[in-house]
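Trainee: Please take me through one part of this model in detail. I would like the interface between the two chains.

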Amino acid sequence: MSLVLGIETSCDETGIGIVRGSTLLANVISSSMEEHARYGGVVPEVAARAHLEAIEPAIRAALAEAGVTLADLDAIAVTSGPGLAGALMVGVGAAKALALALDRPLYAVNHLVGHVGADVLRDDGTALELPTVALLVSGGHTSLLLVRDLTSDVELLGETIDDAAGEAFDKVARLLGLPYPGGPHIDRVAAEGDPAAIRFPRGLTLPKDLERHRYDFSFSGLKTAVARHVERLRDAGQEVPVADVAASFREAVADVLTAKAVAACQDLGVPRLLLGGGVVANARVRALAEERAAAAGVSLRIPPLALCTDNGAMIAALGAQLIAAGHAPSALDVSADSTLPVTHIQA
Amino acid sequence: MILAIDTSAGTSVALLDEDGTVIAERSTPDTRRHAEVIGPFLAEVLAAAPDVRGSLTAVAAGIGPGPFTGLRVGLAAARVLALGLGIPVLGVPSHEAVALRLLVAGEVAGRFAVVTDARRREVAVTVYIAALPIPAEAEPAHLVERLAFAPAPGLTVHEVAEIPAVWLARAAQARSAAGASFSDAAPLYLRAPDVTLAAPKRVSA
Ligand SMILES: [Zn+2]
């Protein structure tokens with residue numbers, strides 16, 4: 001079993017993970033989230049600066065956590081895309097240097113497929129069954145994938161055509177005067193609210209939209225609808241029922257995410273749904289996914305939360321899977337590709 | 001042996017012997033492909049002599065100034081290469097490589113400025129006083145509006161588009177030999193990140 005170190009720098013988390021085959025040995029995450037808080041969203045230049053400062057200490061910490069030395073490593077894996085270009089380049093530059101310093105092969109992999117790969121690291125003894133539909137939702141992406149083979153056959157079913165779902169949570173949180181990141185704060189406030197208080201729009205769910213965008217998402221209209229609602233109340237001098245707005249907004253997001261994911265399972269005859277990405281931490285998204293999957297006879301898999309948010313262990317795990325499947329290493333001139341398509345599992 | 005990396009302009013990687021003899025060098029003026037070319041460049045210089053990995057004593061890193069995205073690629077590579085090889089990383093201002101080259105070639109005397117493009121109609125300027133073995137900084141790297149940049153009388157200006165890693169390595173060797181200190185390889189950004197703290201905009205009229 002290959003001992004692989006994975007480097008993830010696609011957004012605001014510097015993640016270094018170490019795995020042996022499908023066994024997790026270390027998962028070190030250094031987040032620049034607090035530096036972005038005052039701006040209400042991830043600032044790419046701030047994220048890229050933080051990656052440069054964090055990467056070497058995070059590698060040292062991961063080696064210590066795993067109890068291995070650099071010389072023990074068999075391969076280096078790195079996220080080459082999709083993600084923020086300047087942030088990705090820090091990881092790619094570092095990964096190439098580490099692979100060359102140690103004279104080990106480099107595997108440049110797809111961040112989204114990495115989220116699916118995280119599932120092989122769960123320690124409950126159950127293996128990922130394929131094919132599976134995967135719903136990956138975070139501040140940086142909202143994608144629905146069909147995974148037939150983790151290392152050779154992944155298809156994009158749909159993705160957001162505007163904001164990522166996590167971004168919508170951040171923007172609505174700002175509107176409501178809640179702190180960044182929006183997800184956990186909206187979740188907290190929404191617990192006291194009525195999810196049926198306001199009927200916010202569900203993006204791309206009308207019949208005419210479904211023809212072209214059956215599995216795509218859109219959250220820009222929802223965000224605008226929430227803003228309009230809040231402005232109307234404030235203009236009229238009324239108090240904004242923050243809990244109800246938060247709960248109704250969260251319900252709209254959870255509804256459309258889970259409805260489309262379960263519909264994909266049914267349409268494609270794939271009775272398995274995997275969730276990944278930081279939005280999995282959202283209690284309502286999880287609960288509604290469980291409820292709808294059960295009703296549709298779809299088995300639902302959710303990796304542990306520490307492996308759902310962006311991390312290097314999932315990148316290392318995908319690298320180890322590629323090695324086990326006999327894939328050749330990536331070329332040393334591989335680039336960071338901010339729009340790397342999901343069909344490119346390895347770059 | 002010393003390996004030097006500079007990505008503050010194009011990408012330049014060099015491998016030198018202890019006495020400053022160049023063993024291998026790879027450079028490109030391309031300012032858009034740092035993350036790609038750093039891999040093959042490093043691979044080639046590491047393969048240029050027997051047991052380079054075991055013979056290297058330090059990695060010299062150009063700390064800029066330069067456009068941030070590219071600059072970070074070289075610094076990340078230098079720091080992690082040094083970590084992987086268990087040797088120190090020596091941060092050297094990128095302009096110092098040019099200053100040393102000019103001094104050794106006898107092209108400068110007195111006070112002189114090394115200038116590179118900083119984008120956004122600005123230039124990055126470091127003013128040196130001719131001195132060997134280490135060029136002395138009279139004014140550390142700073143940004144000046146290109147059109148407003150008026151060098152003082154007697155100050156010669158040398159604007160360059162490339163930073164040679166060979167001379168960065170020699171600058172590091174000169175500092176080492178003289179017992180001078182090195183920076184901790186922190187980048188010379190000279191600019192705060194671009195961020196706008198816009199309040200949420202109204203969506204209804
Ligand atoms: Zn992600």
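Mentor: A polar contact here is a pair of N or O atoms within 3.5 Å, one able to donate a hydrogen and the other to accept it. The model is predicted. By that rule, 10 residue pairs are in polar contact across the interface of chain A and chain B, both partners at pLDDT 80 or more.

Now the elements. On chain A, helix 2 (44-66), helix 3 (85-102) and helix 8 (220-235) each supply at least two residues of the side that touches chain B. Helix 3 of chain A gives the largest share, 12 residues. By class, this side of chain A has 20 nonpolar, 4 polar and 13 charged residues.

Charge pairing comes next. The count between chain A and chain B is 5 salt bridges. One pair to look at is A:Asp103 with B:Arg53: their side chains meet in a salt bridge at 3.8 Å, N to O.

Then the extent. In contact are 37 residues of chain A and 37 residues of chain B. The size of an interface is often given as the accessible area lost when the parts come together. Here chain A and chain B bury about 3300 Å² between them. Carbon and sulfur atoms account for 68% of that area. Three residues stand out on the chain A side: A:Arg49, A:Leu52 and A:Leu100. Together they supply 20% of the area that chain A buries against chain B, more than any other three residues.

Terms used. Residues numbered from 1 in each chain as written. Chains lettered and ligands numbered in written order. Predicted model: local features only at pLDDT ≥ 70, side-chain atom pairs only at ≥ 80, totals over all residues. Heavy atoms only, no water. Contact = heavy atoms within 4.5 Å. Buried area = accessible area lost by both parts, 1.4 Å probe. Salt bridge = Lys/Arg side-chain N within 4 Å of Asp/Glu carboxyl O. Polar contact = N/O pair within 3.5 Å; in protein donor to acceptor, adjacent residues only side chain to side chain. Helix = DSSP H or I, 4+ residues; strand = E, 2+ residues; numbered from the N terminus. Nonpolar A, V, L, I, M, F, W, Y, C, P; charged D, E, K, R; others polar.
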